[in-house]
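Please read these points with the model open beside you. They go from the whole chain down to single residues.

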Amino acid sequence: TAVNERGDVVGYATPDRYAPILWAAPDHRPVVLSERPGQTIPSDINERGDVAGTQFGLRISSTALVWRAGTHEEVELPAPAGVHGTVAAGITDDGLVVGHTFLYYPTTYRAVRWTLDGGQPTDLGALGGGSASAEAVNDAGVAAGWADVEETDPWGNHIRHAVRFPAPAARPPG
């Protein structure tokens, strides 16, 4: 699902379950990052080798995760109270993670940014339609994703627009 400049690759293995796998350069021997039940899918890897991903539970839940470079220590990113899940989509070299939280009913996604200090995620806002997600982030902390707007299509679905979420005002240490 992703590769860094060193040639480290992350992805997942199937068929009986989705297990997150790291193939680290230079030998690329596979390392299973998690034995969690359900589907655990890595989404990004930074230059240090930290991996961001998501464990999708057996029910309607998910947990955003980071695996630390070298040790592969698994870190759960915190979820605000009242949400059904979190999803990690991208990670910077200094450890900013972007993705979204979600509420199952009524279905609402909120674009968020985490730091690896254990604090709650920062809501990145939306365009007015109520749902948004950050899907990628650069090393300056600028995220890209999507957001619903109030406008709907002929079937009543909110229309989504591409969004650029600005970098945090003061970059926390990673």
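**Notes on the predicted model**

1. Start with burial. This is a predicted model. Of the 174 residues in the protein, 43% are buried.

2. Next, the secondary structure. The protein has 15 strands and 0 helices. Its radius of gyration is 16 Å, close to the 16 Å that the globule rule gives for 174 residues, so the protein is as compact as a globular protein of that length. Along the principal axes, the C-alpha trace spans about 50 × 40 × 30 Å.

3. Now contacts along the chain. Take the contacts between residues at least 6 apart in sequence. Of these, 34% join residues at least 24 apart.

4. Then the surface and the charges. The accessible surface comes to about 8,900 Å². Carbon and sulfur atoms account for 54% of that surface. The side chains include 12 positive and 21 negative ones. The centres of these two sets lie 3 Å apart.

5. Look at D148. This residue lies in strand β14, which covers residues 143–152. Is D148 buried or exposed? Its relative accessibility is 8%, and the cut-off for buried is under 20%, so D148 counts as buried. What does its side chain touch? The side chain of D148 makes a polar contact with the side chain of R160, at 3.0 Å.

6. Move to the loop between β3 (19–23) and β4 (30–32). P26 lies in this loop. The peptide bond from A25 to P26 is cis, with omega near 5°. H28 is found in the loop between β3 and β4 too. H28 is not a glycine, yet it has a positive phi of about 60°. With a relative accessible area of 33%, H28 is partly exposed.

7. Compare the loop between β7 (62–67) and β8 (74–76). H72 has its place here. H72 also has a positive phi of about 60°, although it is not a glycine. Its relative accessible area is 26%, so H72 is partly exposed.

8. Finish with E73, found in the loop between β7 and β8. At 47% relative accessibility, E73 counts as partly exposed. Which residues does E73 contact, leaving aside its neighbours within four places in sequence? They are V66, W67 and R68. G119 is 46 residues from E73 along the chain, and the C-alpha atoms of the two are separated by 18 Å.

Definitions and conventions
Residues are numbered from 1 along each chain as its sequence is written. This is a predicted model: local features need pLDDT of at least 70, side-chain atom pairs count only at pLDDT 80 or more; totals for chains, interfaces and linings use all residues. Side-chain values use heavy atoms; hydrogens and water are left out. Helices (H or I, at least four residues) and strands (E, at least two) are DSSP runs, numbered from the N terminus. The radius of gyration is taken over C-alpha atoms; the globule rule is 2.2 Å times the number of residues to the power 0.38. Buried means under 20% relative accessible area, exposed over 50%, partly exposed in between (1.4 Å probe, protein chains only). Contact means heavy atoms within 4.5 Å. Accessible areas come from the Shrake-Rupley method with a 1.4 Å probe; for residues, only the protein chains shown count as cover. Lys and Arg count as positive and Asp and Glu as negative; His and the chain ends are not counted. The place of a charge is taken as NZ of Lys, CZ of Arg, CG of Asp or CD of Glu. A polar contact is a pair of N or O atoms within 3.5 Å; within protein, one must be able to donate a hydrogen and the other to accept it, and residues adjacent in sequence count only if both atoms are side-chain atoms.
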